[in-house]
Amino acid sequence: MKTVPVSTTINGDAAEFICAPDETLLDVLRNRMGLTGAKEGCGTGDCGACSVTLDGRLVCSCLVLGVEAEGAEIATIEGLATGDGLHPLQQAFIDHAALQCGICTPGILVAAKALLDKNPDPSETELRYWLAGNLCRCTGYDKIIRAVQAAARQMRSA
Amino acid sequence: MRYARPETATEAVGLLANEAGVTRVLAGGTDVLVQLRAGSVTPDLIVDIKRIAGLRAITPEAGGFRIGAAVSGAELGEHAALCALWPGVVEGCNLIGSTQVQGRATMAGNLCNGSPAADAVPGLVAAEATARIEGPTGPRECAVADIPTGPGKTAVQRDEIVTSIFLPARPARSGDAYLRFIPRTEMDIAVASAAVNLTLATDGTIAAARVVLGAVAPTVVLVTEAATALIGNRPDAATLATLQAACSAACNPIDDKRGTAEFRTQVAGVLAKRATLIAYARAGGSL
Amino acid sequence: MAFDTEPKRDFKVVGRRVARPDGIDKVTGRALYGADMSAPGMLMGAILRSPHAHAEIVSIDVTAAVALDGVKAVVTGADFADAMDAATADVRDNCLARGKVLYDGHAVAAVAAASGAIARAALDLIKVEYRVLPSVTDVDLAMRADAPVVQAGRAVEVVPVGLSENVTDHCEFGHGDPEAGFAAADLVIDRSFTTAATHQGYIEPHACLASMGPDGKADLWCTTQGQWAVRTACSAILGMRASQLRVTASEIGGGFGGKTTVFIEPVALALSRKAGRPVKIVMSRTEVFRATGPTVASSIDVKIGMTKEGRITAGTATLRYTGGAFPCGTVAMGAQAAFAAYDLAAVRTFGWNALTNRPKEAAYRAPGAPQAIYAVESVVDELCQKLALDPLEVRLLNAAREGTRSSYGPTFEAIGLEATLEAAKAHPHYAAPLAAGQGRGLSCGFWFNFGGNTSVSLTINTDGTVGITEGNPDIGGSRAAISQMAAEELGIPYEQVRTVIADTSSLGHNDVTDGSRVTFAVGLAVIKAARDAIAKMCARVARIWGIDPEAVEWVDGAARPTGPNAGTFPPMTLAEIAALSFKTGGPIAGHHESNADGAGVSFGVHLVDVEVDRETGATKVLRYTVFQDAGKAVQPDYVEGQMQGGAVQGIGWALNEEYIHDAEGHLLNPGFLDYRVPVASDLPPIEAVILEIPNPGHPYGVRGVGETPIVPPLAAIANAVSRAAGVRLTALPMSPPRVLKALTAQG
Ligand SMILES: Cc1cc2nc3c(=O)[nH]c(=O)nc-3n(C[C@H](O)[C@H](O)[C@H](O)COP(=O)(O)OP(=O)(O)OC[C@H]3O[C@@H](n4cnc5c(N)ncnc54)[C@H](O)[C@@H]3O)c2cc1C
Ligand code: FES
Ligand code: FES
């Protein structure tokens, strides 16, 4: 299969890669760009572990072709912390023990940030529905919800 | 596999027509990529329609809206005027998958994928929506109701693409609603579903109705007996019982891993009843 | 230095909600999990799986696959060693089939190639000729004499006539005379139950990277709950000496018992041996469902007698489990756990396991217990309903306590069941009003808890910090708890301790992270290792001061003189001692190796309110509270996390999760879309109430907490749904079609 060159922006930096036309964005990020923060839990859109934003929209990178990234802006978990400071969501996840094994955490953080960018004060129900595409098998979600709420509070008062 | 990103519908149709092998149109990709992963299709050509001019626009037209085939569910949900006019259609689209899936999935893709359980389709059929289809001989219009022809099968030919879906203007005192049954609250495929589109007379009785069921037959089912039961009445207990029975009678479902035929039949009627009450309230009716 | 007459109850570091040391790596995407590792020159492996549930492999022709450009190795079961014990041979034959395929998805052959795409293409070129055999997936059918035989020659000796040779395991526990007990009861209920097989559902699929050199030395990186168990299994299967294989555990994306064995690791090693290059294998989600361990599926009869006052007079249970296509002893756990919460004069449990054409069972949190306790707790609830008794009072009346002869033999030491029940009774949840259509359910849960082989080492660094090397992968914050216990014992700040998880060459053997053993057993070992280091530090100080080592004691992170003849010296802190260590005899380290026992059993009680939609059969969980005895909660956040996570896995098991097979034994739902684990919007907040009844077997009173919380939800929800629906449900999952059918039948 002939590979295709793609120019894109990842976490604010210009990036170029080549990929096969049937390669997913998730595979490109993980295998070609060395960005292994996005995880593959299913490869079929069911778990959200591969969540990234594409031109500001939350998507499953396993359901996007690498070639579709041409000219787009991609944000991954690796871009969430700025400099040496954690994003308030990241800090809240540590403070509220919102992770056990942590495999779902990158996807959930990316998804939660997309929500708070849109709605700084979501209700618990809104939060639970927004995150319904992010499976976590360890925590029962409770501490995740608390952590996002705490981060949202902190971001509103900042 | 090759990947093409045409900029016009004509170019897209040309690419499809000239490809001898297996082709796939790519909109949001939430069905196509799953199929690629499963190996259930191995296309020779993928035609990505998202960069075709106008396909990502929602445009007012004749009191209704024309929705480009590449508009995502999330974009639909953010369009206040569209949500106000056709809340039931939008809620059907917005039930598809997760937030992540909503960021990509399109209404046209849902339709063209041909699943009997597609969540956008019953609402579109209840709304008498039409699709504009571009083909080798130019554009044609087709009722959405005529597009699904069986599980995984549609009336859209392999060298055609749907370019937009049109939702018409609607009379005063109208409302629509869509409900589906899934075992969880999210992330499931409908086991049964119902869309109801109503227009009320000034006295609060139902003047016009369309009741459509999903996931209970090879394609969506327009249940005219259910509409007949509603017309001229308010959705009181007796009327709803007739509607529910008519809906259950119209079901022709299968047993599968998602639900038994018996369950689907029973629940479709319940959903139609509940959707009727929501649509009635949205139309301004009060019991 | 006198230790441990009573568990310590006064803590400085233990019990604090400290930040976990691996937190930053895991919130930034930096942590490396199974699939995140690569090696130069790496090949990608892929596995060919059986499309049949049961078939003889007539022939395998790999010539076309080998000839494909980019293919570097192809292996089959013939590439594995022959001689090994029966249990390891079963693991081997599960990794690559020999002679027969035993379930849909059973691995048959594997390819290593320059890319994943080439490897997958090569799989299509392998020609396997099968002779399809009749199959059986239902446990009750599999036990019948006319059932297809899954594996010949595996039957247990005591199989009664009239049963199939699929029956591979049998056990019996109990005491007293149940028949006399039933005769003394005012009401006896005898019911049968079924539970579906469920999957652990960890979000990270199995993944590994194997590299074997021409000298036969190999390195393996993989996601596992136990690197030593992987080494033991892989070295036997590959015919290697253990010393030749080094296994490094990656960060692990969930396991719940499912990563205590091997599936792809021996295959990757065999491919690497053949290709002479590193080989990576990552399972797809479909492969995880089709070919890794689900739980047993079960069919259970329970009979319990009760007096009008609520005293249980006798209980019996017959458990029929299937652990899939290989013999499986899990039923013995269920048979022991079934009545553990009760103080009974007469109790008897019988367990049977039958082979079926399903994937080989792997442990899942409290393996075997949830099914058995679900059936028992359902019958107890029904008795309470019929006798108009309060279900919580009845549990209290019959509760096992210190000194109770347990239903499986041993006499209990201090246990927390009564305290946990009292906490539930006092909680506002128990008294909250319920609306029409709603129901409240309650269930007890139990787990034995494991100790096991453990080896840790602890180094005193010259700058006064402390390094701990332990061997159990951190699934849910155990590094934090281990560091806390070391800091507590040494009397230094938590921040000065760093715990890392070693590979198999860096430490003695450690059993897998399972059975809720880590905080207990590794904690115990780390405390003892700290004491070892303390003793050595005291000896160094004694030499500096020129006094007897016995005249030096360790208080608050420093050595002090003690006793009448010790003299007066200012205390020397750990940091001061560390700084001088090169001058006082060299580096200082403590270590501990043991096979720990005294884990201390664990009890929990769950309370749940549900609402049942009578027109659709859908159940909504409205409120959920978990009460559990943790002995001592070392890091309470992570104890609560275990309680909440286990409860939600149990909720999934109760309501929607199940393996669905067609008549030919094909798995119909090998994906998260149709294998329905709970999503965030399905759930209410899960309140966790921790009780602390010290475990006499641990210096800090710690009990394992990870298993017990998955046990009660099955019955708690079944009891709530049955009360809300007004009809007793006896099959899991209580999916909407099943509930609606029961409601419709009731009229
Ligand atoms: C996790 C997950 C959950 C899901 N949940 C739901 C759900 O709840 N309800 C539901 O109904 N569906 C669900 N789906 C399926 C899918 O998301 C929907 O069918 C979606 O609407 C498809 O739209 P798309 O734009 O992504 O289509 P694509 O995948 O791009 O295309 C779908 C099909 O339609 C064809 N096609 C697309 N656009 C056109 C066009 N303009 N002209 C001609 N042919 C076209 C494609 O060739 C393909 O065959 C789910 C999918 C996933 C991955
Ligand atoms: S890996 Fe993309 S959703 Fe699971
Ligand atoms: S923390 Fe393990 S899956 Fe979420």
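User: Helices (H or I, at least four residues) and strands (E, at least two) are DSSP runs here, numbered from the N terminus. Which one gives the most to the shell around ligand 1?

Analyst: α7(B), with four residues. This is a predicted model, in which local features need pLDDT of at least 70 and side-chain atom pairs count only at pLDDT 80 or more, while totals for chains, interfaces and linings use all residues. Residues are numbered from 1 along each chain as its sequence is written, chains are lettered from A and ligands numbered from 1 in the order in which they are written, and side-chain values use heavy atoms, with hydrogens and water left out.

User: Fine. What else in chain B supplies at least two residues of that shell?

Analyst: β2 (23-26), α2 (32-38) and β10 (161-167) of chain B do, along with α7 (107-113).

User: How many residues surround the ligand in total?

Analyst: 35 residues surround ligand 1, counting a residue if one of its heavy atoms lies within 4 Å. Val25(B), Thr30(B), Asp31(B), Thr106(B) and Asp119(B) are the closest. The ligand lies between chains A and B.

User: What's the split by class?

Analyst: 19 nonpolar, 10 polar and six charged. Ala, Val, Leu, Ile, Met, Phe, Trp, Tyr, Cys and Pro count as nonpolar, Asp, Glu, Lys and Arg as charged, and the others, Gly among them, as polar.

User: Which side chains have a polar atom 2.9 Å from a ligand oxygen?

Analyst: Asn110(B), through an N or O atom, and Arg180(B). A polar backbone atom of Val32(B) is 2.8 Å from an oxygen of ligand 1. The cut-off for a polar contact is a pair of N or O atoms within 3.5 Å.

User: And how much of the ligand does the protein bury?

Analyst: 95% of the 970 Å² that ligand 1 exposes when taken alone. Accessible areas come from the Shrake-Rupley method with a 1.4 Å probe.

User: Switching to chain C. How many of its residues are in contact with chain A?

Analyst: 51 residues of chain C are in contact with 40 of chain A, contact being heavy atoms within 4.5 Å. The two chains bury about 3,600 Å², with 58% from carbon and sulfur atoms. Buried area is the accessible area (1.4 Å probe) that two parts lose on being put together, summed over both.

User: Which three residues of chain C supply more of its area than any other three?

Analyst: Val27(C), Ile203(C) and Ala680(C), with 20% of what chain C buries against chain A.

Note on methods
Polar contact = N/O pair within 3.5 Å; in protein donor to acceptor, adjacent residues only side chain to side chain.
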